Amino acid sequence: MPANLPPAYFEAENRYREAKTPAEGITALEEMLAIMPKHKGTDKIKADLRRRISKLKSKQEGKKKTGRRDSSYKIEREGVGQIVLIGPPNVGKSALVAALTNADPQVADFPHSTWKATPGMMYFEDIQIQLIDTPPIGKEYTEPWLVDMARRSDIILVVVDVQTDPLQQLEETASFLKEHRIAPLRLARVYEGEGSWTFLPFVVVANKNDEYSMEEDVEIFRSLLEDDWPLVSVSAKTGRNFDVLKQTLFNTLEIIRVYTKAPGKGPDFSAPFVLKRGSKMEDLASKVHKDFLEKLKYARVWGKHVYDGQMVQRDHVLQDGDVVELHL
Ligand SMILES: Nc1nc2c(ncn2[C@@H]2O[C@H](COP(=O)(O)OP(=O)(O)O)[C@@H](O)[C@H]2O)c(=O)[nH]1
Ligand SMILES: [Mg+2]
């Protein structure tokens, strides 16, 4: 090491040693390189500094690449269903996710406050449903990953503001999704054969229905929809009709909850088995244990559509809330 290096060099070298990110390291190394006097004796050191810089840069590139992949976002599924909120700015998507779930996305009275997706878990009775807050769709830029996220979801929650032209907002969102070949399930037959469509159940949420005086606007909006769109009007601010929204989303997910019990014991209500609507006793058996599907001889069911303890076979169709005793 040449003896005639100025103190600034050693300060930069310290910063390099303590750098917490590749970017900080690169900055410090570049400073060291600039400070280094130019003569034959320093050639080797300079080459070494350049090597370290390029190493850090490739590390940074690699990070950026995975970072980009991360931001193309696949939000891990949690709970019994994944629901994506979509809509123009300012309708209250973030406010709804904040009010309905444990998540805390930013709510703001300026239009583009949300730029990433935030998942949160919403309780419905004894299960949890995942809601995802997203950036607004709009005429300008829309995040490309948003469409993929919508495609992978179980339900699209189209959020509009009942106080500011909800019909136009709905049309805007529906046509945005249509451009990306995402359409309501009810149109599956209409577009069938046209290739590569994703059909999903849509639920329209008319937000900002804060008080009774707004009911008239909601009814006008409802009549314009002509039963084509399931509509729930809520208020993120007051929590109005949240129970209706939750029930609607649960019904739209088309799932049932089944509880098991051991013979002679009470039912286990702590964690329901969640199955698709229309599932049979044998579907439950294989969910409880992989061996049970083969071993199942018969079952007893308690519920709304059977008499208490009714004996059924493996092809018996289960209902939400059933209590089941499997006999092997
Ligand atoms: N009166 C009223 N205002 C709301 C309601 N929900 C959201 N807001 C307001 O509307 C603005 C936009 O909300 P935000 O959740 O950020 O909208 P986003 O852009 O769709 O995510 C904020 O000022 C909120 O306080 C509601 O139910 N009633
Ligand atoms: Mg938002």
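**Reading a mixed sheet and its helices**

Q: Which residue in β3 stands opposite Thr-118?
A: Asp-133 in β3 stands opposite Thr-118. Strands (E, at least two residues) and helices (H or I, at least four) are DSSP runs numbered from the N terminus. This is a predicted model, in which local features need pLDDT of at least 70 and side-chain atom pairs count only at 80 or more, while totals for chains, interfaces and linings use all residues. Residues are numbered from 1 along each chain as its sequence is written, chains are lettered from A and ligands numbered from 1 in the order written, and side-chain values use heavy atoms, without hydrogens and water.

Q: In which sense do β2 and β3 pair?
A: Strands of a sheet pair through backbone hydrogen bonds, either parallel or antiparallel. Here β2 and β3 (residues 127–133) are antiparallel over 7 bridges; pairing requires at least two DSSP bridges between the strands.

Q: What is the strand order of the sheet?
A: The open sheet has 6 strands, ordered β2-β3-β1-β4-β7-β8, with mixed pairing. The edges are β2 (118–124) and β8 (231–233); each has a single partner strand, so one side of each lacks a neighbour in the sheet. From one strand to the next the twist averages 30°.

Q: Which strands does α6 touch?
A: Helix α6 (residues 166–179) packs on the sheet against β1 (82–86), β4 (155–161) and β7 (202–207), and its direction makes about 145° with that of β4. Contact means heavy atoms within 4.5 Å. Angles run from 0 to 180 degrees between N-to-C directions, with axes fitted to C-alpha atoms, for helices over the stretch in contact. Helix α9 (residues 242–253) lies across β1, β2, β3, β4, β7 and β8, at about 95° to β2.

Q: How is the packing of α6 and α8 described?
A: Two packed helices are described by the angle and the distance between their axes. The axes of α6 and α8 (residues 215–225) come within 10 Å and cross at roughly 40°. That makes α6 oblique to α8 (under 35 degrees is roughly parallel, over 145 roughly antiparallel, 65 to 115 roughly perpendicular, the rest oblique). Pro-166, Leu-167 and Leu-170 of α6 meet Phe-221, Leu-224 and Leu-225 of α8.

Q: Is Val-203 buried or exposed?
A: Val-203, in strand β7, is buried, with a relative accessible area of 1% (buried is under 20%, exposed over 50%, partly exposed in between; 1.4 Å probe, protein chains only). Leaving out residues up to four places away in sequence, Val-203 touches residues including Ile-155, Val-232 and Thr-248. Val-203 and Thr-248 are 45 residues apart along the chain, with C-alpha atoms separated by 8.5 Å.
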